[in-house]
Amino acid sequence: MKDYELEKRRYIIGSVAIAIVAIYLVRLFTLQIMSDDFKKNADSNAFLKKVEFPSRGIITDRNGELLVYNQPSYDIMVIMNEENGRLDTTEFCKSLNISRKFFDNRMAEIKDRNKNPGYSRYTQQLFMSQLSDQEFSVFQEKSYKFPGFYIQKRSIRQYEYATAALLLGDVAEVSPADIKEDSYYQPGDYIGKVGVERYYEKELRGTKGVQILLRDVRGRIQGSYQDGRFDTKPIPGKDLTLSIDVKLQQLGERLMEGKLGAIVAIEPKTGEVLCMVSSPSYDPRMMLGRQRGKNHMLLAKNPLKPLLNRAIMGQYPPGSTFKTGQGLTFLTEGIIDSTTAYPCHRGFVTKGMRVGCHRHGAPLPIVPAIATSCNGFFCWGLYYMLNNTKKYGSLQKAMDTWRDYMVSMGFGYKLGIDLPGEKRGMIPNASFYDKNFKNKWNALGVISISIGQGEVTLTPLQIANLGATIANRGYYITPHVVKEVKGQPLDTLYQQRKYTKASPAAYNLIVRGMRRAVLGGTCKRANRYDYAVCGKTGTAQNRGRDHSVFMGFAPMEDPKIAIAVYVENGGFGATYGVPIGSLMMEQYIKGKLSAGTEKQAAKIQSMHLKYGTKDR
């Protein structure tokens, strides 16, 4: 008789055996085919893939003066799978002059995937960066005692001059966000943080190389794998030539000592930025080495904000420099012509409203109105434009027509300079006023925008670009600080002319007005006998003392430089703006200051303004 219980047991045992074999087969398939853990482990025992970092592109000024270059540096890298607790920690810390607490904290940070998302125990991780030559020598002598730790040679930035810190920018270790954004980077890599270094990061950084080294069973390096057959060489970054004139930049920073504000100078024909000063500033060499973090924190806590690039981020009322744009608009729209004269009874006075003005002759037309910076003239111009319902149909349509002229001149939006962080300023339109005043507004309520006050704000870069546009009689090229990227063409954005809505005839009249302002008006301190300067002052109202502003260009018929000077709380435009602008134009056009103007520069350099929390 057949034993069914025995037969059943046999099937059960067989099924279990098959299941066990199947589990082992699936696990072996997973480990050997689907997972690369063993491959990584084997490779890490047999090979060391050593990254070779490219040299970063050097940076020179427009005349070939070296600004930023590279110098050797050494990092300590660790492969956790090799260290694996076999390290003599006491001797290791002694060789690097670090504490055990620092060591433990740093190792924990490396393993923390939240702080170090690219962590792998099989790949090199940055333990300590930028060793000095002395630190490197001490560590190198004992490096054979420290399994898993390696010296990685690379280069760090060095600065030839203590100038243009915010424009040049600096380089520091990548953040987790940088790694997430671009797979090129690994923990411990360096990246441009601000300025040119950030904007042109991909051009400057180059391409990494890899050297594959063979190791024996004890982990000792035996040489290159297959004589370097699979190695790749690093490709250096591209060199940059800036449009900046370093001597002009240095003079600008001298003149702005003890003052808050900015200077921007542009070559009108090309849009090349000749200098970009933001004050206060700092020595770019403060951002080198392991003290970078500490120094950055000190600068960030400074109430005068030296990390703020006021030239492209400061959004200020342009004051009377804005009147040039108003004149262009009124002339082109036919609101006025060259002979139209408006009264000025020590200001604009109508229907119980008064916008004050200084004493000068009146009534007067556009050219002397620019020369004397007459508030009354430009208030009347905007008043008649916004109230011209016969031409525009409505207040809103007139307002938006005005706004379109301002936008065409480069206001209200970012110009597109090749630097990160540019601000757009503010140009109001009809919908802005409709929203903020619940459709209950009129020309008198917004009249202050005609003289660069009220809701209007511009950056110093935009004011300088206004000067370049007038110098060119109606067009500008997007301002840029890089003149050439070695081996590649300049972006077409920085080669194309952008024409405004204003007419050439209108520009000619504004140029005449700016010339007259220098010959005998508000800018007479900028007058020269050897080349013709055109200028316009601005005294921008502020909660504290007024801001001192100047915008101009020279020579009048063949402009080489257009400039904007903005000194916070500097008072009248003629007090600081005009003399600083005049000195900067002389330096660029003549190549140096005369003995007499050098004394003037030294005097302005010594004039420090007092700033408190009220002015901020």
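Two residues are taken to be in contact when heavy atoms of the two lie within 4.5 Å. On this basis, in the predicted model described here, Gly 381 touches Phe 330, Ile 335 and Tyr 342, when residues up to four places away in sequence are not counted. Gly 381 belongs to helix α16, which covers residues 375-386. Its relative accessibility is 0%, and Gly 381 therefore counts as buried, the limit for that class being under 20%.

Thr 350 is part of strand β13, formed by residues 347-350. With a relative accessibility of 14%, Thr 350 is also classed as buried. When neighbours within four places in sequence are left aside, the contacts of Thr 350 are with Trp 380 and Leu 444. Asn 442 is located in the loop that runs between α19 (430-436) and α20 (460-471). Asn 442 has a relative accessibility of 42% and so counts as partly exposed, a class that lies between the 20% and 50% limits. Asn 442 and Asp 337 are 105 residues apart along the chain, and a distance of 24 Å separates their C-alpha atoms.

At the level of the whole protein, the secondary structure consists of 23 helices and 20 strands. The radius of gyration is 33 Å, whereas the globule rule gives 25 Å for 616 residues; because the value is well over that given by the rule, the protein is more spread out than a compact globule. Along the principal axes, the C-alpha atoms fill a box of roughly 125 × 75 × 45 Å. Of the 616 residues, 52% are buried. Contacts between residues at least 6 apart in sequence were also considered, and 72% of these join residues at least 24 apart.

A search of the whole structure identifies four cavities of 30 Å³ or more. The largest cavity holds about 220 Å³ of space. Its lining is made up of 15 residues, and those nearest the centre of the cavity are Phe 53, Pro 54, Arg 56, Tyr 190 and Arg 205. Strand β5 (residues 149-159) contributes four residues, the largest share of this lining. In terms of residue class, seven of the lining residues of the largest cavity are nonpolar, two are polar and six are charged.

The second largest cavity contains about 70 Å³ of space. Ala 164, Ala 165, Leu 166, Leu 167, Gln 249, Glu 253, Met 276, Val 277, Ser 278, Ser 281 and Asn 309 form its lining. At least two residues of this lining come from each of α7 (165-168), α11 (246-255) and β12 (272-279). Six residues in the lining of the second largest cavity are nonpolar, four are polar and one is charged.

Definitions and conventions. Residues are numbered from 1 along each chain as its sequence is written. This is a predicted model: local features need pLDDT of at least 70, side-chain atom pairs count only at pLDDT 80 or more; totals for chains, interfaces and linings use all residues. Side-chain values use heavy atoms; hydrogens and water are left out. On a 1 Å grid over the protein atoms alone, a cavity is a set of points where a 1.4 Å probe fits but cannot get out, and a pocket is an open set with protein on both sides within 12 Å along at least five of seven lines; lining residues have an atom within 4 Å of a point. Grid points are joined across faces, edges and corners, and a volume is the space filled by probe spheres set on the points. Ala, Val, Leu, Ile, Met, Phe, Trp, Tyr, Cys and Pro count as nonpolar, Asp, Glu, Lys and Arg as charged, and the others, Gly among them, as polar. The radius of gyration is taken over C-alpha atoms; the globule rule is 2.2 Å times the number of residues to the power 0.38. Buried means under 20% relative accessible area, exposed over 50%, partly exposed in between (1.4 Å probe, protein chains only).
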